[in-house]
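Dear colleague,

I am handing over the structure we spoke about, and below it you will find my notes on what turned up when I went through it. Please read them with the structure open beside you.

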Amino acid sequence: MHLNIVLNNPRRNIENLRKIVAFINTLNLEVLILPYMHLYGPFISEDVLNNMDQAKLKEYISSSYNLYIHKLVLLAKNYGLNIFIPGVIEVAGARRYISAILVRSFTGEIEKYRKIILSGIDEKLKITRGSDIHVFKLDNTSFTAMIENDILYPELARLNLLFSDFMVIGLPQNEPVKKYESFIKVISKSNNAVVVVPGAIVYKSTNLYTSFPTLIYDETGELMYRYSGDEQALIIMPVSRIKRVGVGEESLIDFYRVYKLIRKHFTRCIKYEYRE
């Protein structure tokens, strides 16, 4: 879903989503994929961290997240729709994560993937690093997620896609990862999988702040769809188009081989947080 996001206005963004979910309710979608940081937009920056009172920032993040999850659960239950957000600041007790979250239809059950490769800004925000991949399994398909700097590690993508049909990548609309297109092409081509990158139009009050296109890459690494219009748009892809033959049939030997490779380099890689 290519959505409008108003910077630092969670209630307006949630209300916009509510209207859209009510409108598309009859389409029988497998999952609705929202843009990265749909709740409040890409508001975290060096300026925010240096100039905003940290106690107020912490309270803002916590209260916004709790409201968001409550509303997403209500929407998922009331409209029978799986809703996925590929990037939000999750508050779990005293810890904060940048997480991709699936809210399941009817039950409101929540599943999470927590960002593994952190940036310098993440560390200043005292974000806790995630430790595991996650496959989101639906009735007719399955998918996995990577967030921002995660895409810089093709071995991590390989592990993510061993047992899922496609991948969703969450990228900041204002400052995406450098050369992200090259990394995404490698991920899709080397794993023979479709990759979806949801975009958004971000406003600061009523003025355009930034925008980022919705992108879909095919199994060969080619860009098969791009939407960069100035209107909100629902982009529908048939499940049959993203279904991968043989998913789940890979041997455990292959799984543990890749996992062992990642663990071998993980300590060294994390020291540098991301590759230039």
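Which residue forms a salt bridge with Glu219, and how far apart are the closest N and O atoms? The partner is Arg241, with those atoms 2.8 Å apart. Glu219 sits in the loop between strand E12 (214–217) and strand E13 (223–227), whereas Arg241 belongs to helix H7 (residues 239–242), so the pair ties together parts that are 22 residues apart in sequence. Arg241 is partly exposed, its relative accessible area being 31%.

Please keep in mind that this is a predicted model. The protein chain has an average pLDDT of 87, and 86% of the residues score at least 70. Over residues 249–253, however, the pLDDT is below 50, and this stretch has 2 contacts in the model beyond near neighbours in sequence. Residues 270–276 also stay under 50, although the model has 18 contacts for them beyond four places in sequence. Where pLDDT is low, the predicted coordinates should not be read in detail.

To return to the salt bridges, the count comes to 8. Among them is the pair Arg104 and Glu111, whose side chains meet at 2.6 Å, N to O. Arg104 counts as buried at 16% relative accessibility, and Glu111 is buried as well, with a relative accessible area of 13%. Another is formed by Arg18 and Glu15, with a distance of 2.6 Å from N to O; these two residues are 3 apart in helix H1, and are therefore separated by about one helical turn. Arg18 is partly exposed, at 35% relative accessible area, and Glu15 is likewise partly exposed, at 32%.

Conventions. Residues are numbered from 1 along each chain as its sequence is written. This is a predicted model: local features need pLDDT of at least 70, side-chain atom pairs count only at pLDDT 80 or more; totals for chains, interfaces and linings use all residues. Side-chain values use heavy atoms; hydrogens and water are left out. pLDDT is the predictor's confidence in each residue, from 0 to 100. Contact means heavy atoms within 4.5 Å. A salt bridge is a side-chain nitrogen of Lys or Arg within 4 Å of a carboxyl oxygen of Asp or Glu. Helices (H or I, at least four residues) and strands (E, at least two) are DSSP runs, numbered from the N terminus. Buried means under 20% relative accessible area, exposed over 50%, partly exposed in between (1.4 Å probe, protein chains only).
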